[in-house]
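Please look over the structure below.

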Amino acid sequence: MVATKTGELRALFLSLDRDADGRISAEELRGCMRATLSEDVPAEEAKALVASAAVDGDGLLCEAEFLELAQQAAWTGDADADEENDELRIRALREAFGIYEVEGQGCITPASLGRMLGRLGAERGTGECRAMISQFDLDGDGVLSFDEFKIMMS
């Protein structure tokens, strides 16, 4: 279960990191909250949240700092928040899926996976991307659907 949540949180991190620099700024956090929760968080509040979790003092969240913040938030949640958290995870996964699914086909293809990995600095050839997809391609169509992506992220 921990691995599932960590995979989902990593997907959320990638979706929040709009400029793909490996860090989340307060503005990126605000943009995501606005898009997914329709909630406009004041800039000062977002900055304070990021600053409280950015241990190195750079005012940006790296993935490890983000995971720590998310885990702390999970410990303070209650049973009613679980359902809301599940909905947020699904939204975050859909947003992350949309980043990889850049061809508008409703699936992640080897080409779209390769392009996104390249943007993240992890160049992979088409053959490698096909192999990565095949590990989670349950229906054998050579691409990842959203449901297959959710399984992969867990």
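Which residues are exposed on the other side of helix 3? They are Glu44, Glu45, Lys47 and Ser52. Keep in mind that this is a predicted model.

**Helix 3**

- Helix 3 covers residues 43-53.
- Ala46, Val50 and Ala53 are its buried residues.
- Seen down the axis of helix 3, the buried residues fall within an arc of 70°, so they line one face of the helix.
- An α-helix has 3.6 residues a turn, so residues three or four places apart point the same way.
- On the other side of helix 3, Glu44 and Glu45 are among the exposed residues.

**The largest nonpolar core**

- The largest nonpolar core has 18 residues.
- Leu9, Leu12, Leu16, Ile24, Leu61 and Phe66 touch the most other members.
- Leaving aside neighbours within four places in sequence, Leu9 is in contact with Phe66, Leu67 and Ala70.
- A second, separate core has 16 residues, including Tyr100, Met116, Ile133 and Leu144.
- In soluble globular proteins, nonpolar side chains tend to be buried together.

**Ile24, a loop residue**

- Ile24 sits in the loop between helix 1 and helix 2.
- Is Ile24 buried or exposed? Ile24 has a relative accessible area of 0%, so it is buried.
- Leaving aside neighbours within four places in sequence, Ile24 is in contact with Phe13, Leu16, Asp17, Leu29, Val50, Leu60, Leu61 and Phe66.
- Ile24 and Phe66 are 42 residues apart along the chain. Their C-alpha atoms are separated by 8.2 Å.
- Val50, one of the contacts of Ile24, is also one of the buried residues of helix 3.

**The second largest pocket**

- The second largest pocket has a volume of about 270 Å³.
- Its lining includes Leu14, Ile108, Gln135, Phe136 and Phe149.
- Tyr100 and Leu144 also line this pocket, and both belong to the second core.
- Which helices each supply at least two residues of the lining of the second largest pocket? They are helix 6 (110-119) and helix 8 (146-153).
- Helix 8 gives the most to this lining, with three residues.
- By class, the lining has 11 nonpolar residues, one polar residue and no charged residues.

Technical notes: Residues are numbered from 1 along each chain as its sequence is written. This is a predicted model: local features need pLDDT of at least 70, side-chain atom pairs count only at pLDDT 80 or more; totals for chains, interfaces and linings use all residues. Side-chain values use heavy atoms; hydrogens and water are left out. Buried means under 20% relative accessible area, exposed over 50%, partly exposed in between (1.4 Å probe, protein chains only). Helices (H or I, at least four residues) and strands (E, at least two) are DSSP runs, numbered from the N terminus. The arc is that of the directions from the helix axis to the C-beta atoms. A nonpolar core is a set of buried Ala, Val, Leu, Ile, Met, Phe, Trp, Tyr and Cys residues joined through side-chain atoms within 4.5 Å. Contact means heavy atoms within 4.5 Å. On a 1 Å grid over the protein atoms alone, a cavity is a set of points where a 1.4 Å probe fits but cannot get out, and a pocket is an open set with protein on both sides within 12 Å along at least five of seven lines; lining residues have an atom within 4 Å of a point. Grid points are joined across faces, edges and corners, and a volume is the space filled by probe spheres set on the points. Ala, Val, Leu, Ile, Met, Phe, Trp, Tyr, Cys and Pro count as nonpolar, Asp, Glu, Lys and Arg as charged, and the others, Gly among them, as polar.
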